[in-house]
Amino acid sequence: MKEKKRVLLLGVYGMEMVECAGALHQNALAGGVSYAAIFFAGSQMRHGLQKAAELLQTSLEYLNFDSGKISASFEEKLKVIRVIRAFQPDVIITQDPEHCVSDLDPGRRPAMTLILEAMALAGRDYAREELPGLQPCRGFSVYYMTPEHPNCLLDIQSSWEVKCAAMDALESQLEFIAELAEGTAQEKQYAMLIPGFEKMDSRLERGRAMKRLMDQAYHLYFGSTGHHHVFLSENYRKDGMFVFEQLL
């Protein structure tokens, strides 16, 4: 039986909300509350994210950090702690500490320090005067998304079409994906795998087809090729030990 949870995504970049779409959407369908707080998102991206959030039945807010200036300052910690204490999550999903080190997106490494510090301080008697009326929050589970070394899979078969529709809404990101591949050997490889690719006129159409192929490959890989009795899945790494009342 699925339990109603309060699931919070601390997303560094906006697309992470859709990368975790299965977890957020299925929690909402089970009667839980899903919430995403995004660190970095430009104006064009926000337009698509709002459409995606509606599809995923997930509430959304922007913390308006600067990817080139983020530093885990006191003021930045207060912003993230406020989100955690106000929402009181059962589960927090965020980026993987291992993956973020080698990822060349700007801001990921200092954002990771900020997230870890905020999660630690949110449950302590810290900044109570600066955040009046908000009680400390502790005892939540932490899951790292798209990790280097996953230890759990979430079956997202029932949310796959919604996840794809949410990704399709991120038009500026999809156009960027197509732009990056233009004139490269990679673009030719996509043309070999996507029917009618060379006849697609717009970056959006090409980017949408490219991202759909990427997502299908990624979400099939861990479950269907690993004898894990799941077809389409999102992979996560739970921080800490799993505690069971009996073996599953």
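Biologist: How are the residues numbered, and which atoms count?
Modeller: Residues are numbered from 1 along each chain as its sequence is written, and side-chain values use heavy atoms, with hydrogens and water left out. In this predicted model, local features need pLDDT of at least 70 and side-chain atom pairs count only at pLDDT 80 or more, while totals for chains, interfaces and linings use all residues.

Biologist: In what order do the seven strands of the open sheet stand?
Modeller: Strands are DSSP runs of E with at least two residues, and helices are runs of H or I with at least four, both numbered from the N terminus. Two strands pair if DSSP finds at least two bridges between them. The pairing here is mixed, and the order is β3-β2-β1-β4-β5-β7-β6.

Biologist: Which strands stand at the edges?
Modeller: An edge strand here has a single partner strand, so one side is left without a neighbour in the sheet. That applies to β3 (58-62) and β6 (152-155).

Biologist: Which residue in β3 stands opposite Tyr35?
Modeller: Strand β2 (residues 33-40) runs parallel to β3, and five bridges join them. Opposite Tyr35 stands Ser59.

Biologist: How many residues of β5 are buried?
Modeller: Buried means under 20% relative accessible area, exposed over 50%, and partly exposed in between, with a 1.4 Å probe and protein chains only. Strand β5 (residues 141-145) is mostly covered. Of its five residues, the buried ones number four.

Biologist: What is the bridge partner of Met145 in β7?
Modeller: β5 has parallel pairing with β4 (residues 91-95), over five bridges. There, Val91 has Ser141 as its bridge partner. With β7, β5 runs antiparallel, joined by three bridges. In that strand, the partner of Met145 is Tyr236.

Biologist: At what angle do α4 and α6 pack?
Modeller: Axes are lines fitted to C-alpha atoms, for helices over the stretch in contact, and angles run from 0 to 180 degrees between N-to-C directions. Helix α4 (residues 74-87) and helix α6 (residues 108-122) have their axes 9 Å apart. Their angle is about 55 degrees.

Biologist: Why is α4 called oblique to α6?
Modeller: Angles under 35 degrees count as roughly parallel, over 145 as roughly antiparallel, and 65 to 115 as roughly perpendicular. The rest count as oblique. The angle of about 55 degrees therefore makes α4, relative to α6, oblique.

Biologist: How many charged residues does the contact of α4 with α6 hold?
Modeller: Contact means heavy atoms within 4.5 Å. Among the residues that meet are Val80 and Ile84 in α4, and Leu114 and Met119 in α6. Eight residues of this contact are nonpolar (Ala, Val, Leu, Ile, Met, Phe, Trp, Tyr, Cys and Pro) and none is polar (the others, Gly among them). The charged ones (Asp, Glu, Lys and Arg) number four.

Biologist: Is α8 roughly parallel or roughly perpendicular to α10?
Modeller: Helix α8 (residues 171-181) and α10 have axes 7 Å apart and an angle of about 90 degrees. That makes α8, relative to α10, roughly perpendicular.

Biologist: Is His25 buried or exposed?
Modeller: His25 lies in helix α2 (residues 21-29). Its contacts include Leu55, Gln57 and Val162. At 5% relative accessibility, His25 counts as buried.

Biologist: How far apart in space are Ser71 and Pro110?
Modeller: Ser71 sits in the loop between β3 and α4. It is partly exposed, at 48% relative accessible area. In sequence, Ser71 and Pro110 are 39 residues apart. In space, C-alpha to C-alpha, the distance is 5.7 Å.

Methods:
Lists of a residue's contacts leave out its neighbours within four places in sequence.
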